[in-house]
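Work through each task before reading its solution.

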Amino acid sequence: MTNYKLKHILGQTAFHIVVILLGFLMLYPILWMVSNSFKDNAEIFNSSSLIPETFRFDNYVRGWKFNNSVTFSTFFYNSFYYTILSTIGAVLASSLVAYGFARVPFRGRSFWYGCMFMTMMIPYQVVMVPQFIIFHKLGWINSFKPLIIPQFAGLPFFIFLMVQFIRQIPYELDDSAKIDGCNRFMIYSRILFPLIKPAVITSTIFSFYWRWDDFLGPLLFLNKPRLFTVSLALRMFSDPMTSTDWSAIFAMGTLTLLPVLIIFLIFQKYIVQGLVTTGLKG
Amino acid sequence: MKHINRRTRTLMDDAAGYAFISPWLLGFIAFSIIPILFSLYYSFTDYDILGEPVFNGLENFRRMAGDQLFWQSLKVTFFYAFVSVPLRLLFAFFVAMLFNRGTRAIRFYQAVYYVPSLVGGSIAVAVMWRRLFMADGALNAVLAKFGIITEYSWIGNPDTAIWTLIILAVWQFGSSMLIFLAGLRQIPKELYEAASIDGAGAFRKFLNITVPQITPVLFFNLVMQLINGFTVFTQAFVVSGGSGDPLNSTLVYALYLYQRAFKFYNMGYSSAMAWVLVLIIGVMTGIVFKTSSSWVFYEAKEGK
């Protein structure tokens, strides 16, 4: 056993200990929340423990019932409805637009592409008030229209990601498809769309995440409890004026995180890829 | 004949191009351009949404200059952005350095460190965060284990409330970490080998190879995260219960703007505030871009 080898093993062990300790610290708040969702209400006060004394599943039952007139069945339904429709719209539209930007040499292309990047820099606060007024005048308040319809314009982030992908695909594929009698829409739908599957999956995941977590949009446009998404419901649930049933709040909080975590476990690879492509080459 | 052919082909390309980008283009006009123009107009009016907008020139901006809450919200936001963004990037960078090695467990660790970024934007976490830092929350329970008995409410005290939001932001360093890690892995190994042959130590290699090679990534992330930092809303809204309390210490700019618009219905005033925000973000990004040539290292691109 050489001195060098010993040093290496010690170094490795120290590395793993530090990383595991820090990792535990990172996960602690989330674990604490999950653990609290099983605790008795009185047990949550002044407690940092991660292991409940008794597992009380009735927190989930109580939380789900919310205020009895509307339940979390409604909120989950609303959230899934809004999230899934928005995601389908955002991803399909983005892929169409990305094909246009990446493959069709039309006049004004780089101008519009530049405009698209500009919109990424403009804070939502600028369009928030006029959008609200426009949607108000259209009678769209208290419906999902103001939340879903703008998604069907595509998202700059996804368009950019897909353009990056399409540019890596050789033109010969388009050309041979053209010779076989494909028009542009067929090239897009039959040849390129399947080939940019990784970008499509990444966009789908991020769209799901952003819509699922979205708070400001629903806060602006949905005022009736039966239209609430899980975010709005949780926020109302935790309002210090109305409730102190922390176990039930944590139980529902845990449930709202489940879809996010499950998707992460299945599609981890695509998430990392999306972050890296858009974060690096921006 | 050939000439006409070429012309029809360009026209067809134009038609196809605009057809493909039409979803975005229509959305851009309807949900960006038109609202932006309206917003610009509203910012020079007095508008309470019920009546019609009344032109009042620069009155909104004049009022802003004398509005203590406006200045307070600016102060809070600058503090929040300029503390949380550098801290988050620093954490992300050093953990990425730590992870930039060949151990098999790294993939697992990466995933664990990324989880806070994944859930950090949710209301569930924001609600939990408030509970964590209350007087009878988990932080004080942990402190009690170390013999520090306190009834201090980190959320309820104006000196510390903003820090709970900063910690919430820094806690989510995972996504930047993944981006840095990918950047670090792209640095050519030959650079380090050559430096070793020249007798450079680990620190010199870090300073002269790693840092310059990573600055373009750092730069991009700095710009994007500063913009996000200046527009933070949800966390402050939930953690403070929508009020920006205690003593307006968490009244971030976007929260105050929201209150002005949807609590007091000062649509004109809040539109004016939005344009001041655009100005601030523009100036900040401008400064970062202007100074970037002195600290961002761009490789001479060959054959690319």
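**Exercise 1.** Among contacts in chain B between residues at least 6 apart in sequence, what percentage join residues at least 24 apart?

*Solution.* Keep in mind that this is a predicted model. Start with the contacts in chain B whose residues are at least 6 apart in sequence; 70% of them join residues at least 24 apart.

**Exercise 2.** Describe the build of chain B, from its elements to its overall dimensions.

*Solution.* Begin with the elements: chain B has 13 helices and two strands. Next, take the box along the principal axes, which the C-alpha atoms of chain B fill at roughly 90 × 75 × 35 Å. Then look at the radius of gyration: chain B has 25 Å, while a compact globule of 304 residues would have a value near 19 Å. Finally, 39% of the 304 residues of chain B count as buried.

**Exercise 3.** Describe how helices α4 and α11 of chain A pack.

*Solution.* First, the geometry: α4 (residues 72-103) and α11 (residues 197-213) of chain A pack at an angle of about 145 degrees, with their axes 9 Å apart. Second, the crossing of α4(A) past α11(A) is right-handed. Third, the contact includes A:S79 and A:Y82 of α4(A) and A:F208 and A:W212 of α11(A). By class, this contact has six nonpolar, nine polar and one charged residues.

Methods: Residues numbered from 1 in each chain as written. Chains lettered and ligands numbered in written order. Predicted model: local features only at pLDDT ≥ 70, side-chain atom pairs only at ≥ 80, totals over all residues. Axes fitted to C-alpha atoms, helices over the stretch in contact; angles between N-to-C directions. Helix = DSSP H or I, 4+ residues; strand = E, 2+ residues; numbered from the N terminus. Left-handed = near helix turned anticlockwise from the far one by under 90°. Contact = placed C-beta atoms within 7 Å. Nonpolar A, V, L, I, M, F, W, Y, C, P; charged D, E, K, R; others polar. Rg over C-alpha atoms; globule rule 2.2 N^0.38 Å. Buried ≥ 20, exposed ≤ 12 C-beta atoms within 10 Å, placed from the backbone.
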